[in-house]
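Here's a quick walk through a protein model and the ligand it holds. Have a look at it first, then read on.

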Amino acid sequence: MAQVLVVTSGKGGVGKTTSTAALGAALAHEGENVVVIDFDVGLRNLDLMLGAERRVVFDLINVIQGVAKLPQALIRDKRLENLVLLPASQTRDKDALTEDGVARVIAELRKKFDWIICDSPAGIERGATLAMRHADAAIIVTNPEVSSVRDSDRIIGLLDSKTIKAERGERVDKHLLITRYQPARATRGEMLSIDDVLEILSTPLLGIIPESEEVLRASNVGSPVTLSNAQSAPARAYFDAARRLKGMDVPMLVPGESRGLLNMLFGRKAA
Amino acid sequence: MSSVVGQRQSLMFRARSYMAFVFTPQPPIVEWLADLDAGLERSKGFFAGHPVALDLSAVQLSASAIAQLIAEIEARNIRVLGIEGVTVPEGEAGLPPILREGRGAQAFELPASAAGSAPQHQQPGSLLVENPVRSGQSVVSEGDITVLGSVGSGAEIIAGGSIHIYGTLRGRALAGATGNARARIFCHRVEAELLAIDSYYKTADDIEGSLRRRPAQAWLEGRTLKISAMN
Ligand SMILES: Nc1ncnc2c1ncn2[C@@H]1O[C@H](COP(=O)(O)OP(=O)(O)O)[C@@H](O)[C@H]1O
Ligand SMILES: [Mg+2]
């Protein structure tokens, strides 16, 4: 059965698009059929992170408006044939993203893919709520700082009220992905600790991605970090997170610490 | 008197009542407005997004004077939902609706005619919230409210009665909001942005540092909001 995931955060610039690309590629690398959808109409990015920007002809809005058929808008990755992108429109008005249209696209994709990963725009407006609307599970991307954590808390509230699952009285599975983690700054108390973030958000942890130049380097060459340098620290953390998404039990390591002290926390499932 | 939770469940209710803060301007109005400004200065945005009703029974104002007063209040980013205690004709141009039979906590009995037909769930009992209250959510009930999880920064709990929070309170808790000075707030760990009972409040800056991150309770002693540790 297809899993619809939304990658969301409230705040911008925390690493949603980076994570969508990295996790999508990691899942595809493990043999899963993956489509990643860019919901950031007007500020599309995911095509760049996948190095597909020069092959975009049709986009999500073209499909919704009936200008193109869904298969015409899907772009297959050059490295992994089971990784596919549905790009956003850079020019259209985001009001063209309709509730019905999104429902039709998701329903059609559910028939073809194992994983449908929706890269949400920042904010709590229409674009963000439409991206989460059909989600079975959510990846909440948070940086270990107060404003990002508060915005994530807000988003979790929306996941519990604005999604189809919530409206049916069911629960959207929630996974917390802490990105841009800097061990040295956390030790000096300049960032929230992993413990603090987990305590505030009381949401199970999917992974901790360290801050790394490798991420920037990857995006500059149009490749998810999990494909450009699979041995780098952020890539390994993303691979682990992808395996956890598949239900595998992978020990959690805090970057910069050798002990696997977070096993305990990972097991602490709340909300 | 039904409870309103800031989540989708609330749509199940057909009829709802909302709690509003009530302002009672006193003459001279100019001084009353100055007092209001001083209060707002101490806690910016306190009334933002909350309905406010004006009880005009303590002043004698013509329709145009009322309109002017409302304009003054709305210029302070406070929305006036309705007015009460006035003798101007209903539907006077430009004035908000006239509210009647507002109930405070002290005069809580339902009118005899309505009491018999009031459904069970409309009794001001206590509301139990089992999930964490997330930023941006607000939970409102005329009775007591018990929250099993935490209340996030930017979330708020507004109760006619007392508030019990078994997690960490990082947002706002407003107890005794219908004018009940005996209401209290209890929380397992206080990191609150604001604590209020009846209409007396303390913001984060006013809460003593030594109390933070500890179990605490708040109550009203005369006109002072007291907070003490509970261990
Ligand atoms: N782990 C990381 N280490 C270093 N830089 C990162 C990391 N994750 C994201 N970034 C950088 O942060 C910026 C914002 O990331 P992006 O994924 O576009 O965020 P969002 O989609 O949430 O707005 C980008 O420049 C990206 O390269
Ligand atoms: Mg993005």
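## Around ligand 1

Of the 15 residues around ligand 1, the nearest are G13(A), K16(A), T17(A), T18(A) and R180(A); a residue counts as near if one of its heavy atoms lies within 4 Å of the molecule. Keep in mind that this is a predicted model, where local features need pLDDT of at least 70, side-chain atom pairs count only at pLDDT 80 or more, and totals for chains, interfaces and linings use all residues. Residues are numbered from 1 along each chain as its sequence is written, chains are lettered from A and ligands numbered from 1 in the order in which they are written, and side-chain values use heavy atoms, with hydrogens and water left out.

Here are some backbone contacts to the ligand.

| Residue | Distance from a backbone N or O atom to an oxygen atom of ligand 1 |
|---|---|
| G13(A) | 2.7 Å |
| V14(A) | 3.2 Å |
| G15(A) | 3.0 Å |

Ligand 1 has 560 Å² of accessible area on its own, and the protein covers 83% of that (Shrake-Rupley method, 1.4 Å probe). Which elements of chain A give two or more residues to the shell around ligand 1? They are α1 (16–29), β8 (205–210) and α11 (213–220), and α1(A) gives the largest share, 3 residues. Helices (H or I, at least four residues) and strands (E, at least two) are DSSP runs, numbered from the N terminus. By class, the shell has 6 nonpolar, 6 polar and 3 charged residues; Ala, Val, Leu, Ile, Met, Phe, Trp, Tyr, Cys and Pro count as nonpolar, Asp, Glu, Lys and Arg as charged, and the others, Gly among them, as polar.

## Chain A and some local details

Chain A has 14 helices and 8 strands. Its radius of gyration is 17 Å, close to the 18 Å from the globule rule for 271 residues, so chain A is as compact as a globular protein of that length. That radius is taken over C-alpha atoms, and the rule is 2.2 Å times the number of residues to the power 0.38.

Back at α11(A), S212(A) caps the N-terminal end, with a side-chain oxygen 2.9 Å from the backbone nitrogen of E214(A). After α11(A) comes G222(A), with a positive phi near 65 degrees.

Most residues other than glycine have a negative phi, and most peptide bonds are trans. S202(A), though, has a positive phi near 30 degrees, and sits in the loop between α10 (194–201) and β8 of chain A. In chain B, the peptide bond from P27(B) to P28(B) is cis, with omega near -10 degrees.

Note on methods:
Polar contact = N/O pair within 3.5 Å; in protein donor to acceptor, adjacent residues only side chain to side chain.
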